[in-house]
Every structure is written in structure tokens, then in C-alpha cells.
Amino acid sequence: MSRQIFDENEGRHRQEDDDEDDGDFSDMLSEMRILLPGAQMLTAFLIILPFNGGFARIVHSEKLLFLATFVLSLTSLVLLSAPAVQHRMMRPLKDRARFKRVATKLMVSGSLTLAIALVLGTDLVISEVFGAKVGIITSGLVALLILVVWWWMPRYLKKHAGV
């Protein structure tokens, strides 16, 4: 069975098959299975960090950096896991297309907070080992890598390569 939907990216209506809809939904769940372990590992690392002996010796600004990283990491974990929990709580879904749109926004928001947490976490670790200057440079490079690979490249490929 097929239905007509409005494609926000193309700005027009198009036909969508239920099979395509289910495949897209399965893809989304698989993507979450990839993102969640990264958020979980970062959060777990950050949870144990204050209990290490050397943590008490870090300066106040580094503790604030830790706090921001920890909160962003927890936020990413909540946002990335939300679609799975919501899906379970809302079964059976009455409007799958709407659910997918909301879940996509949650995943992108979770990815954004995870990206920021990864950059801040990089700065926290590298600054402690090699100093603040190297930490800032390294975290800037990680931010650039994430920006290019996670956001710029997919938009470029979609626009120019028809992917």
C-alpha cells in the first residue's frame, strides 16, 4: 500500500510505500544502536572520573569543563534513547510518519549534544596531559572533524551526488 506524503527536503509531495516507511524506521533504529554506545561510554568515563585521586587537584575551570561535558553527555544519552522509549510507550503507533519526524529531531539533537561533549571531553583530557594550548588545538580539530563528517559531508553528498 502507498500513500502521498510531503517531502520537506524536496518541497513537494511524493508517494511512499509502507515497506519504504518500515525500512526507513528500521534504519533509524540501527543508527541509534550505533550512537548510543558512544554516548554511554563517554558518560561512564565521566561518571568515574571524579572518583579518581587526581581529580581533586584539577583547577576550578577544569571542573566547570567537566560539569559541562558530563551534562551534555547525559543529555545526549537521554535524547538518543528517547525514541526507543517513546516507541515502546506509544505502541501501537497511530501516526508513524509524525513519530519518525519527532524521533529524527531527537536523534539530531542528541548527536549535537554528543558532538559538543566529545569536543569538551577531548579538551579536558588533552589539556590535563599536554597542557591547555594543545587541548584547545586538539579539541578544535575534533570539532572540525565532527562538523565535516557528521554534518557537512551528508548535506554535500545529498545535494551533489544524489545519495
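These notebook entries record what I looked up in the structure above.

**Entry 1. Ground rules.** I noted that the model is predicted, that local features need pLDDT of at least 70, that side-chain atom pairs count only at pLDDT 80 or more, and that totals for chains, interfaces and linings use all residues. Residues are numbered from 1 along each chain as its sequence is written, and side-chain values use heavy atoms, with hydrogens and water left out.

**Entry 2. Overall make-up.** I found four helices and two strands in the protein chain. Here helices (H or I, at least four residues) and strands (E, at least two) are DSSP runs, numbered from the N terminus. From the N terminus on, the order is β-β-α-α-α-α. Of the 163 residues, 30% count as buried; buried means under 20% relative accessible area, exposed over 50%, and partly exposed in between (1.4 Å probe, protein chains only).

**Entry 3. His 87.** I located His 87 in helix H2, which covers residues 60-89. Is His 87 buried or exposed? His 87 has a relative accessible area of 16% and is therefore buried. Leaving aside residues up to four places away in sequence, His 87 touches Phe 25, Leu 93 and Phe 99; contact means heavy atoms within 4.5 Å.

**Entry 4. Helix H4.** I followed H4 through residues 132-160, a run of 29 residues. Its first and last C-alpha atoms lie 39 Å apart, close to the 42 Å expected; the expected span is 1.5 Å times one less than the number of residues. At Trp 152, shortly before Pro 154, H4 has a kink of about 40 degrees. The bend at a residue is the angle between axes fitted to the seven residues ending there and the seven starting there. Gly 135, Ser 139 and Ile 146 of H4 are buried, and the buried residues of H4 pack against helix H3 (96-130).

**Entry 5. Helix pairs.** Two packed helices are described by the angle between their axes and the distance between the axes. Axes are lines fitted to C-alpha atoms, for helices over the stretch in contact, and angles run from 0 to 180 degrees between N-to-C directions.

How do H3 and H4 cross? Their axes come within 7 Å and cross at roughly 155 degrees. I therefore recorded H3 and H4 as roughly antiparallel, a label for angles over 145 degrees. Residues making this contact include Leu 118 and Thr 122 of H3 and Ser 139 and Val 142 of H4.

For H2 and H3, the axes come within 8 Å and cross at roughly 155 degrees. H2 and H3 are therefore also roughly antiparallel to each other.

Conventions
Angles under 35 degrees count as roughly parallel, over 145 as roughly antiparallel, 65 to 115 as roughly perpendicular and the rest as oblique.
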